[in-house]
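Hi there,

Here is the structure I promised to pass on. Have a look at it first, and then read on for my notes.

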Amino acid sequence: MSDLFRFSCTACGACCNSPPSLYLNELLEQSAHFVLIPTFMFGYKVGPKDEHLRRTLAQRTGVDPGKDPEAFEQSVRTFTAESVAYGAPFPGARNGEMLKISLKGLNAFTGGPCPKRAEDGRCQHYEGRPLICRAVPVHPFLTGPFRVQDLERFVRRGQPRGFKCDTSDEAPPLLENGKILDPDLRDAWLASRRGREGDDMGRIRSTTLNAYLAVRRAIKFSDNALLDLISYHGMSGVGLSFGLRYVLDAARRARLLTNEELIRICENQIRLVDEIYPRLPEVTPGVIALSEGETLKEGLSHETWRLSDLLDDLD
């Protein structure tokens, strides 16, 4: 007997209460739509039974493995699978850590919703939406029965926040025995999990490593000190934020992007910051942790100046 999970999106927009996290392979196409702030996060390329990983995840997620072992096992498998897909080895790793770069939209730091969510809850960027959004409501790094359990939690935990997902008998079947039935959703899930066809994951990992080395040189930290800083900020679930210029220069060195593509990204980001700059509050604390500015406006100003300098170098 098959086990069906029915689901239909009602376009309520409640799950768009924060901007998406983007992967490095989306940098070019999404740079015209989101003010992007890169962050460092740790992952682990170790088995789900590793005790260090389990302690770290218990602290980070707040899920007690003794009280909710099912949810905790999901978090362990999710964390390790994503690290294998997008993480890069790096010097100074102490406990098998892998380093990941996640591109965060500005509102992830200021508490605002996704900037592409319209007042009626619908997406203004639907046709070009990021990979993680295309895979909703399926988590990129969960499979089989864990996928069903995660969907049930997604619907249940979202209800107090206004989620209006349709899981009635009238909704179309989404999963059968944990397998995705819709071919478009299956393709989106694969792309968000493994990268799209043609993505060079080796160059993505090289970009991650080169960005780490550039940041370490710029702030003159030892590996241990920088690792501690990344670990501290990672406990918030957001990560250690730093300037986009480090990623772009690293991408150039790794040949992940051409000079023409880097120019487009710089121009897109400078334009977006110019558009939102007048609306930014004066006293908001800086969100770019490794920035020269102490307020949000100062930090973004410094970053656009650095991008302009990079443009000059590329010309």
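Arginine 245 and glutamate 303 form a salt bridge, with the closest N and O atoms 2.8 Å apart; the term is used here for a side-chain nitrogen of Lys or Arg within 4 Å of a carboxyl oxygen of Asp or Glu. This pair joins distant parts of the chain, since arginine 245 belongs to helix H10 and glutamate 303 to helix H12, 58 residues apart. Both arginine 245 and glutamate 303 are buried (buried is under 20% relative accessible area, exposed over 50%, partly exposed in between, with a 1.4 Å probe and protein chains only). Helices (H or I, at least four residues) and strands (E, at least two) are DSSP runs, numbered from the N terminus.

Before going further, please keep in mind that this is a predicted model, where local features need pLDDT of at least 70, side-chain atom pairs count only at pLDDT 80 or more, and totals for chains, interfaces and linings use all residues. Residues are numbered from 1 along each chain as its sequence is written, and side-chain values use heavy atoms, with hydrogens and water left out. The pLDDT, which is the predictor's confidence in each residue from 0 to 100, averages 81 over the protein, and 88% of the residues score at least 70. Confidence is lowest in helix H4 (residues 107-110), with a mean of 72, and highest in helix H11 (residues 259-276), at 92.

Back to helix H10, then. Eight of the 10 residues of H10 (residues 244-253) are buried, so the helix is largely enclosed by the rest of the structure. The buried residues are Leu244, Arg245, Tyr246, Val247, Leu248, Asp249, Ala250 and Ala251. What covers them includes helix H1 (27-30), E3, E4, H8, H11 and helix H12 (296-314), where contact means heavy atoms within 4.5 Å. Asp249 is also part of a salt-bridge network with Arg252 and Arg253. Just after H10, arginine 255 has a positive phi of about 60 degrees.

The count of salt bridges comes to six. One of them joins arginine 271 and glutamate 275, whose closest N and O atoms are 3.1 Å apart. These two are four residues apart in helix H11, and therefore separated by about one helical turn. Arginine 271 is partly exposed at 35% relative accessibility, and glutamate 275 is partly exposed at 42%.

Another salt bridge is between aspartate 223 and arginine 216, with 2.8 Å between the closest N and O atoms. Arginine 216 is partly exposed, at 23% relative accessibility. Arg216 is also touched by phenylalanine 221, whose other contacts are Leu226 and Leu229, not counting residues up to four places away in sequence. Phenylalanine 221 sits in the loop between H8 and helix H9 (223-234) and is partly exposed, with a relative accessibility of 35%.

Now for the aromatic side chains. There are five aromatic pairs; rings of Phe, Tyr and Trp (its six-membered ring) pair if their centres lie within 6.5 Å, with planes under 30 degrees apart counted as stacked, over 60 as edge-to-face and the rest as tilted. Phenylalanine 40 and tyrosine 212 have ring centres 6.2 Å apart and planes at 70 degrees, so this pair is edge-to-face. The pair bridges distant parts of the chain, from phenylalanine 40 in strand E3 (residues 36-44) to tyrosine 212 in helix H8 (residues 201-219), 172 residues apart. Phenylalanine 40 is buried at 0% relative accessibility, and tyrosine 212 is buried at 0% as well. One aromatic cluster is formed by Phe40, Phe42, Phe90, Tyr212, Phe242 and Tyr246.

Lysine 100 lies in strand E4 (residues 97-105) and is buried, with a relative accessible area of 9%. Not counting residues up to four places away in sequence, its contacts include Phe40, Phe42, Glu82 and Thr208.

Finally, the sheet. Three strands make an open sheet in the order E1-E5-E6, with antiparallel pairing (two strands pair if DSSP finds at least two bridges between them). Strand E1 (4-6) and strand E6 (179-180) are the edge strands, each pairing on one side only. Strand E5 (residues 173-176) and E6 pair over two bridges, and leucine 175 has isoleucine 180 in E6 as its bridge partner.
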